[in-house]
Amino acid sequence: MPKIALLPGDGIGPEIMKEAVKVLEAVSERFQRTCTYEVLPIGGEAIDRYGDPLPEETLLGVKCVDAVLLGAVGGPKWDKEPAHRRPESGLLRLRKGLGVYANLRPIVACDSLLNVSTLKPEILRGVDILIVRELTGGIYFGAKERHAVEDGEQATDMLVYETKEIERVVRTAFHLASQRRGRLASVDKANVLESSRLWRETVNRIAPEYPDVKVEHVLVDNCAMQLIRNPRQFDVIVTENMFGDILSDEAAMLTGSIGMLPSASLGAEVDLYEPIHGSAPDIAGKGIANPVGIILSVAMMLRHSFGWEDEAQAIEHAVNHVFQEGYRTKDLASDSSYFLHTEEFGNKVVEEIVNFEMDF
Ligand code: NAD
Ligand code: IPM
Ligand code: MN
């Protein structure tokens, strides 16, 4: 009986978490499974209650469960907090504490949503990309400094990578590419950054271990452009922490909305699942957030952490079906007068799971 830690966090985090748990309960019942849950504080709400964005209780708690599901953290209320007390630093410490170095962000264009995106449907049809983002190293975790200089201040963020940190995430990406369409784009800025030159050398050294995978190197600025020009050219993309953060928000628009993208952060004993979007303070409390990112993160959790492939597919089919029937959340609605609220959309997905015929 798997135990799941639920970390709702801030802003729309608790709203989408409610839908994720509803879907988990529905799929568990449908497939006669049982999960247990433990709700733990993180982010701004944890600062308010315990003065720490990642209280000891949470860090110890997540190490004693089978998987962790997170909503989102952050918001204007905590933007003036010192760096170590910001909600985001709680999330970074959680990722580092769990040791989840490989963040998988799948981007799949859904046929029934092709005309929702700001991009042309013929560019988007068939898009199926997996971004593998390095998650526990790079500029996010290097030394940070700030001190006075003549006429102002100086601030430093160090971008540091060690060979072994690059190797492990690159191997994950090669392995995943070999199970998909056999193409890997390694994205860096090797024309300027030393850390990128080490990244590129490491990829080239590992490549012969995966003769079935065709690897290419793409500079990050070009990659940002190619993702919009011709996204179907990509299968798996592997890149360092910050490039992966930025490229995945950009790539989200290939699906129509940032609210659509799930993620799985893997690499250690307990894995972490979270949508790629943030706490969306501009819509928090209105009941209009798109819960699909977290719902599909649940599917990734069932597949990767528990090996429940049928259950994962049931969730993915249900979400697709709800879209096929024409239901939309506000971020996807072309006619902004007709859309489902977060809770109504979650109910539709649950209905699909309950009525789902196991025909696969
Ligand atoms: P954001 O992703 O929260 O929002 C960007 C835009 O996308 C907003 O207009 C928002 O309304 C919309 N959006 C995001 N998720 C949506 C959803 N599920 N449904 C519908 N619309 C959605 O990014 P931001 O505004 O740059 O950041 C807000 C806060 O979230 C900041 O404090 C930031 O640090 C934090 N953040 C947290 C995470 C995380 O917890 N993993 C990720 C990104 C940003
Ligand atoms: C994400 C977010 C986080 C990141 C922030 C909130 C620390 O943008 O999960 O993509 O940059 O990793
Ligand atoms: Mn991000």
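**Notebook: strands, a ligand shell and recorded sites**

I began with one pair of residues: Ile4 stands opposite Tyr37 in E2. I noted that the model is predicted, that local features need pLDDT of at least 70 and side-chain atom pairs count only at pLDDT 80 or more, while totals for chains, interfaces and linings use all residues. Residues are numbered from 1 along each chain as its sequence is written, and chains are lettered from A and ligands numbered from 1 in the order in which they are written.

**Entry 1: the strand pair**

I looked up how E1 and E2 pair, and found the parallel sense, over four bridges. Two strands are said to pair if DSSP finds at least two bridges between them. Helices (H or I, at least four residues) and strands (E, at least two) are DSSP runs, numbered from the N terminus. I then checked E1, residues 3-9, and found six of its seven residues buried. A residue is buried if 20 or more other C-beta atoms lie within 10 Å of its own, exposed if 12 or fewer, and partly exposed in between, with C-beta atoms placed from the backbone.

**Entry 2: the whole chain**

I recorded twelve helices and twelve strands in the protein chain. The radius of gyration of the protein chain is 20 Å, close to the 21 Å that the globule rule gives for 360 residues, so the chain is as compact as a globular protein of that length. This radius is taken over C-alpha atoms, and the rule is 2.2 Å times the number of residues to the power 0.38. The C-alpha trace spans about 60 × 50 × 40 Å along its principal axes. Of the 360 residues, 48% are buried.

**Entry 3: ligand 2**

Which residues surround ligand 2? I listed Gly74, Glu88, Leu91, Leu92, Asp245, Ile276 and Gly278. Helix H4 (residues 87-98) gives the largest share of this shell, three residues. By class, I found three nonpolar, two polar and two charged residues in the shell. Here Ala, Val, Leu, Ile, Met, Phe, Trp, Tyr, Cys and Pro count as nonpolar, Asp, Glu, Lys and Arg as charged, and the others, Gly among them, as polar.

**Entry 4: positions from the record**

I consulted UniProt, where an unreviewed entry places the feature "binding site" at Arg95, Arg105, Arg133 and Asp221. These positions span 127 residues in sequence, and the farthest two C-alpha atoms are 26.6 Å apart, so they do not all gather at one spot. UniProt positions are given in the numbering used here, feature names are shortened, and annotations may be inferred rather than shown by experiment.

Arg95 lies in helix H4 and counts as buried, with 21 C-beta neighbours inside 10 Å. Arg133, in strand E5 (residues 128-134), is buried with 28 such neighbours. Beyond four places in sequence, the contacts of Arg133 include Arg105 and Asp245; two residues are in contact if their C-beta atoms, placed from the backbone, lie within 7 Å.

Most residues other than glycine have a negative phi. Is Gln32 buried or exposed? With 6 C-beta neighbours inside 10 Å, Gln32 counts as exposed. Ala280 also has a positive phi, of about 40 degrees, and is buried, with 23 other C-beta atoms within 10 Å. Ala280 sits in the loop between strand E12 (271-273) and helix H10 (292-304).

Key:
A residue is near a molecule or strand if its C-beta atom, placed from the backbone, lies within 6 Å of it.
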